[in-house]
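Keep the structure open as you go through the points.

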Amino acid sequence: MKGFLPLILAWTRDRRRFILFGRSRTVDPETRVHRAEVLLETLLTLGPTFIKLGQLLSTRPDVLPPQYIDVLASLQDDVPPADWEDAKEVLENELGPVDETFDDFDTEAISGASLGQVYRAEYNGEQVAVKVRRPGIVSLVNADLRVIRWSLPLIVFFIGDARSFSLSNLAEEFAKTMREEMDYERERAMLAEIRANFEADNSIRIPRAHPDASSKAVLAMEYLPGTKINNVDELDAKGVDRTELAKKLQRIYLKMIIEDGTFHADPHPGNLAVAEDGSIIFYDFGMSGRVDPYIQEKIVDFYAAVAEQNTEAILDALVEMGTLSPTADRQVMGQVMELAIEDARGEDIEQYRVQQIIEQVEGTIYEFPLRLPRNLALVLRVATVVEGVCVTLDPDFDFISVATEYLTEQGYREETVRRVAEGAAQQVQDTASALVTVPPKLDTTLDRLNAENLTVNVNIEDDDDVLRRFARRLILGIFVAVGVLSTSIVYSFGSDPRIAATILAVTGAVAFMLYRAFKRRRAGLGAKPQFTRQNMRNRRDK
């Protein structure tokens, strides 16, 4: 882990110039890019687990600044495959002799990744792709995860409260994801479930697994060749309508997340291809996830609010999902959402407006007040990567119109309106009920107050530890006052100066703790609002 130490030290000094005290310092974009490149080289050197970690970090703007995201986005999980003899040992330990299981087996891997590699073979007369777990990878990953878990408290100590929230969630999510990706039985089950959800849909093709030729470390599935989805030249040569392809991809993911609750979570271009009939082929279900019904409902509310361009409802949905702090400046965040909607529609955004919003964010809330709860991490990853793929296919792609059209077709917008209407009706009913029941209760309370027979029980909820921090400051302040007074008395009465110096040193340490106690807590995400389409245009103009 020594490769990370210079970066950790630099990040720490960004927060406090002299590590334990001092003001924060400004870091220019060029310095961030250089540090990101150092981080990239370190991750590559450390091997498979850390390559996967870098890929995950590249989709987490709540953990890293945008310059790091851009650099780490180039990190590909494309490593040379292990020697055939080593892979053969894994294969035969799981299934028995290769010649007895498969009719034919090509020992040249067609792709290699950090956790496994894929071969072509023939099974029961059918062409199949055989995914074999990399030899020795389980023990290596478990050792790396232990290092990450042991290092996390140290890293969290040196970073802000906002990022420590997301970093802790990321570490847990990463460990869970890595173990799930190495379990090919789980991948086969998720593949089968998602395939069944789209059984009647001709726009998507998911390979069929062969359970008898699969195990926890081997997965045999139907071989489905196609054109890589980001190979726009070949798609154009084949006459594929790229805008329709992007619409198709977004609608597939909307169905997975909103309707089915089970989704493919690794939609980078290497895992997506286009078949001859224009359908989208999905590969590699090792990274897949589920969305609970509550989050599904809130995502629908969010999309419906976006469709109506109702910024207040958008902010309400984000707060209810736990991704936006309830204390955020709603006026500023509303303006951020308006620009984000324009960006998602593919409209040009004047740069001065973006700068205006960033200045307001920095001037009113110090840090961008977004959080990323654990149950939404994979959903955000999917949304981010799918957006990148769709914009590659069509730079003017309108995400909002496609989502609006889907929600309307499926009846979700009407359902949202119905729920809002029911909620309003319930509020009216509760208000009417209160008009009947409150006056008698109020009359009884006033009678008891007049008879001096009223007892009030107060239960204070202090989720933000305000009282604890206040008590700590009060106690430390008393100690400082007593220390200063004691030093003055000892010194004035001509006692041993060493005693006075000792009391003064202790008082100084307590005073420093008191100073730290008054430092403002950072309650948000240390990041600026980013507008994907606008950023892409700016890069093209440079």
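Predicted model: local features only at pLDDT ≥ 70, side-chain atom pairs only at ≥ 80, totals over all residues.

The side chain of S203 reaches the side chain of D201 in a polar contact of 2.6 Å.

**Around S203**
- S203 counts as buried because its relative accessibility is 16%, and buried means under 20%.
- Beyond its neighbours within four places in sequence, S203 is in contact with K248, I252, S279 and I280.

**The sheet**
- Four strands make up an open sheet with mixed pairing, and their order is β5-β10-β9-β7.
- At the edges are β5 (204–205) and β7 (227–228), each of which pairs on one side only.
- Helix α11 packs on this sheet and touches β5, β9 (272–274) and β10. The direction of α11 makes about 45° with that of β10.
- Two bridges join β5 to strand β10 (residues 280–282), and the pairing is parallel.
- I204 has I280 as its bridge partner in β10. I280 is also one of the residues that S203 contacts.

**The nonpolar cores**
- The largest nonpolar core holds 62 residues, and those with the most contacts inside it are I229, L249, M256, F263, F282 and I299.
- Helix α11 (residues 242–260) supplies the largest share of this core, nine residues.
- Another core lies apart from that one; it has 23 residues, including F50, V71, M178 and M182.
- Which residues does F263 contact, leaving aside its neighbours within four places in sequence? They are I194, M256, I257, S288, G289, R290, V291, L378, V379 and V382.

**L254 in helix α11**
- L254 belongs to helix α11 and is buried, with a relative accessible area of 5%.
- Along the sequence, L254 and A403 are 149 residues apart, yet their C-alpha atoms are 7.6 Å apart in space.
- A403 is also among the contacts of L254, together with E259, Y303 and Y406, once neighbours within four places in sequence are left aside.

- Helix α12 (residues 293–308) has 16 residues and spans 23 Å from its first C-alpha to its last, close to the 22 Å expected at 1.5 Å a residue.
- D292 caps the N-terminal end of α12, with a side-chain oxygen 3.1 Å from the backbone nitrogen of Y294.
- Which residues of α12 are buried? They are I295, Q296, K298, I299, V300, D301, A304, A305, V306 and A307. Of these, I299 is named among the residues with the most contacts inside the largest nonpolar core.
- After α12 comes Q309, which has a positive phi, near 55°.

**I341 in helix α14**
- I341 lies in helix α14 (residues 330–344), and it counts as buried because its relative accessibility is 7%.
- The C-alpha atoms of I341 and Q309 are separated by 7.6 Å, although the two residues are 32 residues apart along the chain.

Definitions and conventions
Residues numbered from 1 in each chain as written. Heavy atoms only, no water. Core = buried A, V, L, I, M, F, W, Y, C linked by side-chain atoms within 4.5 Å. Buried < 20%, exposed > 50% of the residue type's maximum accessible area, 1.4 Å probe, protein only. Contact = heavy atoms within 4.5 Å. Expected span 1.5 Å × (residues − 1). Polar contact = N/O pair within 3.5 Å; in protein donor to acceptor, adjacent residues only side chain to side chain. Pairing = 2+ DSSP bridges. Axes fitted to C-alpha atoms, helices over the stretch in contact; angles between N-to-C directions.
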